[in-house]
Amino acid sequence: DAQESRGLGDVYKRQIYGTMSGAKAGGDWPILGAVLAKRLEVLGTTLRTRPLEYKRDLVQRFCADGLLEGFRVGELQSAVDAEYRLEDANEAHRYMETNVSSGKILLRVR
């Protein structure tokens, strides 16, 4: 849970093989039962706290592995939830604050 994770380092792995309450498990994370039933793997990360060198290396590997080209030719796509005109940035921000989006929120500058 969130309190348990406060003392952890930057990289942490936790494996859960089952729960006493079965599919009703979840607590702070209600989809845990579905994740376990489907044997899904969930990876969470953020770049905000990572050093600039780490971010540079990540971008270089992204390009070297051909992922950028995959987006260019349409083999890969970003999940876009909503698009707003730049003039509507306040509305886009309000939507972002609702925390209901399931993809990127884009601002169109042209």
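## Close-up views of the predicted model

**View A. Helix α4 (residues 67-72) supplies three residues to the nonpolar patch, the largest contribution of any element.** Helices are DSSP runs of H or I of at least four residues, strands are E runs of at least two, and both are numbered from the N terminus. This is a predicted model, in which local features need pLDDT of at least 70 and side-chain atom pairs count only at pLDDT 80 or more, whereas totals for chains, interfaces and linings use all residues. Residues are numbered from 1 along each chain as its sequence is written, and side-chain values use heavy atoms, with hydrogens and water left out. The members of the surface patch are Phe62, Leu67, Leu68, Phe71 and Leu76, which together have about 390 Å² of accessible area. Areas are Shrake-Rupley values with a 1.4 Å probe, and for residues only the protein chains shown count as cover. Patch residues have over 30% relative accessible area and no salt bridge; nonpolar side chains (Val, Leu, Ile, Met, Phe, Trp, Tyr) are joined within 5 Å, like charges within 9 Å.

**View B. Phe62 and Phe71 are shown with the search for aromatic pairs, which finds two in the whole structure.** The rings of Phe62 and Phe71 are stacked, at 6.1 Å centre to centre and with 25 degrees between the planes. A pair requires ring centres of Phe, Tyr or Trp (its six-membered ring) within 6.5 Å; planes under 30 degrees apart count as stacked, over 60 as edge-to-face, and the rest as tilted. Phe71 lies in helix α4. Phe62 counts as partly exposed because its relative accessibility is 32%, and Phe71 is also partly exposed, at 34%. The classes are buried (under 20% relative accessible area), exposed (over 50%) and partly exposed (in between), with a 1.4 Å probe and protein chains only.

**View C. Tyr84 and Tyr95 form a tilted pair, since their ring centres are 6.4 Å apart and their planes stand at 45 degrees.** Tyr84 belongs to strand β1 (residues 80-85) and Tyr95 to helix α5 (residues 89-97), so the pair links distant parts of the chain, eleven residues apart. With a relative accessibility of 14%, Tyr84 counts as buried, whereas Tyr95 is partly exposed at 22%.

**View D. Arg50 places its charged end over the ring of Tyr54.** The distance from the charged end of Arg50 to the ring centre of Tyr54 is 4.4 Å. The criterion is NZ of Lys or CZ of Arg within 6 Å of the ring centre and within 35 degrees of the ring normal.

View F. Arg72 is exposed, at 61% relative accessible area, and Glu69 is partly exposed, at 39%.

**View G. Arg85 and Asp88 form a salt bridge.** The closest N and O atoms of Arg85 and Asp88 are 3.1 Å apart. Asp88 is partly exposed, with a relative accessible area of 21%. Shared partners join the salt bridges of Arg85, Glu87 and Asp88 into one network.

**View H. Arg39 and Asn99 have positive phi values, although neither is a glycine.** Phi is near 55 degrees for Arg39, a residue of the loop between α2 (32-37) and α3. For Asn99 phi is about 60 degrees, and this residue sits in the loop between α5 and β2 (104-108). Arg39 is exposed at 74% relative accessible area, as is Asn99 at 67%.

**View I. The whole chain has five helices and two strands.** From the N terminus on, the order of elements is α-α-α-α-β-α-β. Of the 110 residues, 7% count as buried. The protein exposes about 10,200 Å², with 52% of that area supplied by carbon and sulfur atoms. Among contacts (heavy atoms within 4.5 Å) between residues at least 6 apart in sequence, 15% join residues at least 24 apart.

Technical notes
Salt bridge = Lys/Arg side-chain N within 4 Å of Asp/Glu carboxyl O.
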